[in-house]
Amino acid sequence: MEENNNYEHRKCEFERHPILKHLLYGLMALIGAFLAFYVVTDWYFKAMLNPVNQMKRMDRAIERRDREMEKAFKKAFHGTERLQERANHIIKLEQDDDEYKVLVDLVPLNDSEKNVEVKTNGNLLTVKAAGIHGFGDRKSLVEFTQSYMFGDNVDLSKLTKERKGDTYVITIPIED
C-alpha cells in the first residue's frame, strides 16, 4: 500500500505543477528533434564525404562530358565528311593507260576556270578550287584543295589544261 501511496504522491506532484509537466515534454521533444537532425545530418555528411561516393559522382560527370564531346565530334566530322564528299564530286582523278586526268566540275565554282588554281612541286600536283555560293545576303565562300603525289613515271611540266563544257580537264601524260 505504501508503494501505491508513493505513486500517488508523485502523480500529485506533477498535477500540482502543470508547467513542469509541459516543460519536461518540450525538453524531450527538443532532444528528440535534435537527435533526429544530428543522425540525418551525420548520415548525409558521411555519404557526401565518402571517397567512393565522390568517385562515383566524378565518374558520372566524366561520362556525361565524354558523351557531350562525342556528340560534338560527330557533328563536326559529319560536316567534314559531307565537304569531303562534295570535294570528291568536284575534283576527280582518273587514270588511263597513257595519262592521268584530273577532272574539275566548274558548275559549283561559278562556271569559271579562273576559280581553279593548279600548282606543281616536284611530283606533287595541287589543285585548288573556289567558288561563291548563296543567294541575296547569304553568300559563302567554298574552297577545295586536293593534292596528288605521282611516281617517277610522270613529268608534271608536261601537263595540259583545257575546258570541256562544264569540266576543267588537267591531263598529265605517263612516260614509259
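Five bridges join β6 to β7 (residues 167-173), and the two strands run antiparallel. The model is predicted, so to speak of local features pLDDT must be at least 70, side-chain atom pairs count only at pLDDT 80 or more, and totals for chains, interfaces and linings use all residues. Residues are numbered from 1 along each chain as its sequence is written, and side-chain values use heavy atoms, without hydrogens and water.

**Exercise 1.** Work out the strand order of the open sheet.

*Solution.* 
- Strands are DSSP runs of E with at least two residues, numbered from the N terminus. Two strands pair if DSSP finds at least two bridges between them.
- β1 and β2 pair antiparallel over five bridges. Gln95 stands opposite Tyr100 in β2.
- β2 and β7 pair antiparallel over seven bridges. Here Leu103 faces Val169 in β7.
- The order is β1-β2-β7-β6.
- β1 (91-95) and β6 (160-164) are at the edges with a single partner strand each, so one side of each has no neighbour in the sheet.

**Exercise 2.** Find the contacts of Val116.

*Solution.* 
- Contact means heavy atoms within 4.5 Å.
- Leave out residues up to four places away in sequence.
- Val116 then touches Val104, Leu106, Leu109, Val127, Lys128, Ala129 and Tyr168.

Methods. Helix = DSSP H or I, 4+ residues; strand = E, 2+ residues; numbered from the N terminus.
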